[in-house]
Amino acid sequence: MSSTNLNRDSIQDAFLATKTRLMENRRVRFLLSPGLGLVWTLVFLLIPLTIIVAFSFFRSGDGTTIIYELTFENYLRFIDGTVYQRIIVRSFGIGVLTTLIVLPLGYTLGYFIGRSKSKWTPILLGLVVVQFWVPLVIRTYAWITILGREGVVNNFLMWTGLVAEPLQLLYTTHGMLLGLIVSILPFMVLPVYASVSTIDEEIIQAAKTMGASDIRAFVEVTLPLTWPGVVSGILFTFILSAGAFIAPELLGGSSDRLIAPVIATVFMQDFNWPFAAALSLIYVLLIGLVLYLFTRKADLEEALEGASL
Amino acid sequence: MSFLEINSLRKVFGDTVAVDDVSLTVEEGDFITVVGPSGCGKTTTLLNVAGLQAPTSGSIELKGRDLTDLPAYKRDIGVVFQDYALFPHKTVAENIAFGLKMRGESQSKRDEVVEEMLSMIDLEGYEDVYPHQCSGGEQQRVAVARALAFDPDLVLMDEPLSNLDKKLRQSLRTELKRIQRETGVTTIYVTHNQTEALSMGDKIAVMNNGNLEQFADPKLAYEKPASPFVANFLGQSSRIDGTLRTDSAPHVQLENGAILEVDVREGFDDGDAVAVFLRNELVSVTENQPADVNAFTGRVAEVDYQGRDVIYYVTVPDLDVTVQVSGDGRGTVYEAGKKVWLSIAPEDVIYTASEGRTGDQKHAAVQTSVGAQ
């Protein structure tokens, strides 16, 4: 027992010593300095983005070639045709739907974990994030073995005799939604948990002494104080589900082609890089607009100001 | 039927008895202070009255209504928390109006009360300010206004001044008393500060180890403490044990044979074992032998000069103790090693039954170091 402690201590000491030594190294310090963050952003975000913007104004030639002359035809193609517009609308629709389902589920879970004072709290939190140990693609493949014709669910239903024929669960919108909800849930639970756990119990008690029932205390005090957590949870959920790539590809049906896989197809199969670049930009601008309108509506600043005490 | 009746309140957490059989009655309009060291059960008692904790046994009645099983939000009791517990996302006005809003009062009625409250706490114009923009003292006053705004039957305050600096505490103490006088609201005020408890309370309840040691007028508790604990807690004093003799001139005979003349106290008989408490400020120090009875010679062991006052630790062989005495810092200050005379008038000698001495010894030891010669 004591030897393991000793061991752990010595490991910790060694770790701290190494950390100190590294931080004393000027080159290491330079690489970690905040100013360098700007350089990273420039190299890995702004430059690729600029390339995409540039590409979106070029023309696709025969095969995989690109004709380097300025044109608006990629944007006009989006505006004139309804196919890609419908795909974006559908992606946003799936985003809204996922958010509407994830919000109550995630809030309830985050609220109770945040409120619980038991020694199990860290374990509950661990259960929420444990799925991140497995890559998303593998987690999504796991759903195939659960939802497929020969999957766990259908085998069980057939065994009980509730259904005579296997149900079509895989390659449906429901299947895709299920995959999205489960993988995105932690992104709602964690911010809600974080904001709930910072609320001082006495504040809620104070509301009760002044005549607020449990429900009114929740509406008047808990909910507004957790609002910043809710808003960030909604943003995460919407962005992740509207832009989902793996779940619609592996679990969704033929009508569930969302924007991310579609852009990938235009890039990788049609090799129409200019049009794919234009689609990407249009999507980014539209989602930026949606988020801007949402955060303005959500009074994010006021919510944050109230919670910043 | 009293205004508030706490009957045999008991609260147990696991193996810990936080409050052990506390009974207390409060009359309408009274300002009661509850005082005791931390962990004595005073805050637990308060939370049980507020309905934020449920008693293990016992009952609480307010205006003849049994509150014991009533949830906090139906009790009409205002609470001022130690950390104020203001709503950070609501303005000062919204905080103050919260109780009225819960009672369905109209906006115009709420505005009217908020204005009235802000003028009472001297914070006119603070309606739209957020709590985190207020100073500690301002937040404290808002918390008080918020607890009073919905016209509760009773207001409970849990160490509301303990987070403030000494100067502010002083002025807010006066302010709180004024507000209570103006509104006439029955108030229970919990504190661990003896001075605060004595100066603010119409009546003072001294608690220790989950028990109510004494509930009395502050002057009575100070001069005629019910237990050694109360005597010790309400003021700086030195403890000496002895036997009460009332056959001739009433006196306490100490274990070493020395005699201390005292006044007769009701309920005490000849031969009772008593604990004598010599209050610092009631013992006088002189260079020459005074003409008074109860004069003892001793040697200054330590001097603690504090400006206006000076505290001497005087070793008195006759009493077998080191007595802590307050002297006048503006006159001659005696140096350590100096031989001085101590005297105390018989009516100033405080004594209680010495029972419970074992339990209280650790408190007594703070003031009295026995046999340090």
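This is a predicted model: local features need pLDDT of at least 70, side-chain atom pairs count only at pLDDT 80 or more; totals for chains, interfaces and linings use all residues.
The predictor assigns the complex an ipTM of 0.83 and a pTM of 0.80. For chain B the average pLDDT is 89, and 95% of the residues score at least 70. An exception is found at residues 357-373 of chain B, where pLDDT stays under 50 and for which the model has 27 contacts beyond four places in sequence.

In chain A, the unreviewed UniProt entry lists residues 30-58, 87-112, 124-144, 176-196, 217-247 and 275-294 under "transmembrane region". Two of these spans may be described in the model. Residues 87-112 of chain A are 100% helix and 0% strand, with end C-alpha atoms that lie 37 Å apart. Residues 176-196 of chain A are likewise 100% helix and 0% strand, and here the end C-alpha atoms are 30 Å apart.

Where the two chains meet, the contact takes 19 residues from chain A and 20 residues from chain B. On the side of chain A that touches chain B, the elements giving two or more residues are helix H10 (201-209), helix H11 (214-242) and helix H15 (300-307) of chain A. Among these, H10(A) provides the largest share, which amounts to seven residues.

Chain B is divided into domain 1 (4-219) and domain 2 (230-363). The centres of domain 1 and domain 2 of chain B, taken over C-alpha atoms, are separated by 38 Å, and five residues of domain 1 of chain B are in contact with four residues of domain 2 of chain B. On the side of domain 1 that touches domain 2, helix H6 (194-200) and strand S10 (211-216) of chain B are the elements that give two or more residues. That side of domain 1 of chain B divides into two nonpolar residues, two polar residues and one charged residue. A further division of chain B comes from UniProt, in which an unreviewed entry carries the annotation "domain: ABC transporter" for residues 4-234 of chain B. In the model, this span is 36% helix and 26% strand, and its end C-alpha atoms lie 25 Å apart.

The largest nonpolar core has 109 residues, and those with the most contacts inside it are Leu156(B) and Val276(B). Because domain 1 (4-219) and domain 2 (230-363) of chain B both give residues to this core, the core lies between them. Leu156(B) touches Leu46(B), Val49(B), Ala50(B), Ile77(B), Val79(B) and Ile188(B), when residues up to four places away in sequence are not counted. A second, separate core has 48 residues, including Leu180(A), Ala244(A), Ile246(A) and Val262(A).

Finally, Thr91(B) lies in the loop between strand S6 (77-80) and helix H2 (92-102) of chain B. Thr91(B) is classed as partly exposed because 19 other C-beta atoms lie within 10 Å, whereas a buried residue would have 20 or more. With neighbours within four places in sequence left aside, Thr91(B) is in contact with Glu127(B), Asp128(B), Val129(B) and Tyr130(B). The C-alpha atoms of Thr91(B) and Gln140(B), which are 49 residues apart along the chain, are separated by 14 Å.

Definitions and conventions
Residues are numbered from 1 along each chain as its sequence is written. Chains are lettered from A and ligands numbered from 1 in the order in which they are written. A nonpolar core is a set of buried Ala, Val, Leu, Ile, Met, Phe, Trp, Tyr and Cys residues joined through C-beta atoms within 7 Å. A residue is buried if 20 or more other C-beta atoms lie within 10 Å of its own, exposed if 12 or fewer, and partly exposed in between; C-beta atoms are placed from the backbone. Domain bounds come from an automatic or database domain assignment. Two residues are in contact if their C-beta atoms, placed from the backbone, lie within 7 Å. UniProt positions are given in the numbering used here, feature names are shortened, and annotations may be inferred rather than shown by experiment. Helices (H or I, at least four residues) and strands (E, at least two) are DSSP runs, numbered from the N terminus. pLDDT is the predictor's confidence in each residue, from 0 to 100. Ala, Val, Leu, Ile, Met, Phe, Trp, Tyr, Cys and Pro count as nonpolar, Asp, Glu, Lys and Arg as charged, and the others, Gly among them, as polar.
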